[in-house]
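Subject: A structure for you to explore

Hello! Here is the structure I promised to pass on. Have a look at it first, and then read my notes below.

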Amino acid sequence: MKSFYKGWCLTLCFSMLLGGGIFGQKRKALKPAGPITDRQFWLQEMDKMVRPVMYNLAQDSLRIQMPKVTSKRIDNKDHRIKVEYLEVLGRVLSGIAPWLQLEGGSQEEVRRRDQYRQWAVQGIKNALDSNAKDFMRFDIGGQQLVDASYLAYAFIRAPWLWEHLEKREKERLVNSIKSTRQFKPVFSNWLLFSAMNEAFLCRFGYDWDPMRVDYALQQMEQWYVGDGMYTDGVHYAYDYYNSYVIHPYLAAIAGIIGKKTNAYDSMFEKIKKRNERYAILQERLINTDGSYPPTGRSIVYRGAAFHHLADMAWRKTLPVQLKPAQVRCALTAVIRKTLESPSTYKNGWLTIGLYGEQPDLADFYNNQGSMYISSNIFLPLGLAETDPFWSAPAEKWTAQKIWSGEDFPNDHSVDLR
């Protein structure tokens with residue numbers, strides 16, 4: 001008991017120094033010696049967002065502490081609450097995975113990462129243990145297919161997590177992900193969720209189903225409509241699903257399957273070029289103040305609207321037209337804009353909204369866990385602080401240059417069929 005109390009107190013003290021409480025409540029941070037860097041700002045915002053999830057899951061108290069908030073348009077409230085726990089786990093881990101994988105950094109950052117690594121491993125263990133309060137079933141509905149894929153994505157982005165699971169947990173995880181095969185994916189971006197689960201099994205040496213991967217890849221190729229964008233199913237909708245799911249998932253799946261077979265080489269080359277084109281479009285959507293067009297469904301996912309741009313930066317695959325520093329500054333503005341409202345958090349937990357609490361923006365499937373996909377904007381924290389993304393001087397992004405009167409190269413569509 002003394003050992004536990006000592007550890008708890010050390011965690012509390014460290015948490016207060018970081019400016020966030022154990023459960024993510026906003027606390028008055030110590031005044032910094034000078035202006036903080038963009039990386040320090042990102043770390044603070046990431047910590048504030050995901051700390052209540054990771055801490056409580058590690059303590060086996062997520063179901064007790066996490067609010068049971070759902071959209072006022074919810075289709076099945078009881079069911080959406082049941083699935084929100086796997087939903088929040090997969091989405092948070094997929095966003096912070098590159099940072100968990102990273103080594104080195106400042107003493108403060110290393111301490112913080114070590115703490116999160118401990119929470120992640122223990123939290124995953126609790127999620128897979130049928131005797132734990134936070135045990136998460138993967139077989140209670142189609143939504144589990146979605147969020148199992150985000151969890152699988154986290155392990156693909158951070159093999160460190162896999163390497164630090166015990167054999168028992170590895171087998172439980174694999175069996176849980178396989179159990180989602182019973183669910184038929186919606187004829188939309190959901191095909192990629194099935195494919196990602198198979199890519200996870202492929203990546204870590206388990207039997208995988210090439211047909212689920214092939215079907216998703218071939219169908220997405222049919223749904224490509226031009227200029228770097230896909231339809232999300234049969235009909236085109238102007239929303240951010242090309243960024244929330246389609247481009248990042250295609251990039252990850254291509255990276256894994258491309259090492260197993262050359263059958264998709266020509267398709268993967270087109271996917272690479274489309275990724276670059278869409279990254280250019282994404283950067284141009286970011287206004288001078290970090291705002292962006294609030295269009296389409298799932299707009300309450302906040303910074304995840306730029307999941308793709310963040311993913312491209314982390315993977316160091318940005319097109320030549322985009323310098324890492326301008327992307328850093330643009331994404332920093334988005335983080336600041338989407339999280340600055342005083343009503344963004346309630347008792348330390350994200351509220352439903354884009355700029356603070358705006359419940360009328362929610363869709364029928366949104367619950368408390370849904371918004372945490374916004375953690376995917378933090379992917380570039382997986383780059384070392386010496387990487388040009390962080391170390392290069394601040395630079396204006398496209399909107400700032402154009403709307404300040406600077407001359408700037410014109411933009412035009414690209415045929416990438």
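Is helix 2 mostly covered or mostly uncovered? Helix 2 is mostly covered, as 18 of its 21 residues are buried. Buried means under 20% relative accessible area, exposed means over 50%, and partly exposed lies in between, with a 1.4 Å probe and protein chains only.

Before we go on, a word on the background. This is a predicted model, where local features need pLDDT of at least 70 and side-chain atom pairs count only at pLDDT 80 or more, while totals for chains, interfaces and linings use all residues. Residues are numbered from 1 along each chain as its sequence is written, and side-chain values use heavy atoms, with hydrogens and water left out.

Back to helix 2. Helices here are DSSP runs (H or I, at least four residues), numbered from the N terminus. Helix 2 covers residues 38-58 and reaches 29 Å from its first C-alpha to its last, close to the 30 Å expected at 1.5 Å a residue; the expected span is 1.5 Å times one less than the number of residues. Look for the bend of about 50° at Val-50, with Pro-52 following within four residues. The bend is the angle between axes fitted to the seven residues ending at a residue and the seven starting there. Just after helix 2, Asp-60 takes a positive phi of about 60°.

Next, find Tyr-150 in helix 6 (residues 143-157). Tyr-150 counts as buried because its relative accessible area is 2%. Not counting residues up to four places away in sequence, Tyr-150 touches several residues, including Gly-90, Phe-193 and Ile-373. Contact means heavy atoms within 4.5 Å.

His-308, in helix 13 (residues 307-314), is buried too, because its relative accessibility is 0%. Leaving aside neighbours within four places in sequence, its contacts include His-247, Asn-275 and Gln-282.

Now for the core. The largest nonpolar core has 131 residues, and Leu-93, Phe-155 and Phe-200 have the most contacts inside it. Such a core is a set of buried Ala, Val, Leu, Ile, Met, Phe, Trp, Tyr and Cys residues joined through side-chain atoms within 4.5 Å. Leaving aside neighbours within four places in sequence, Phe-200 is in contact with Phe-155, Trp-162 and Leu-173, among others.

Enjoy exploring, and write back with any questions!

Methods: Helices (H or I, at least four residues) and strands (E, at least two) are DSSP runs, numbered from the N terminus.
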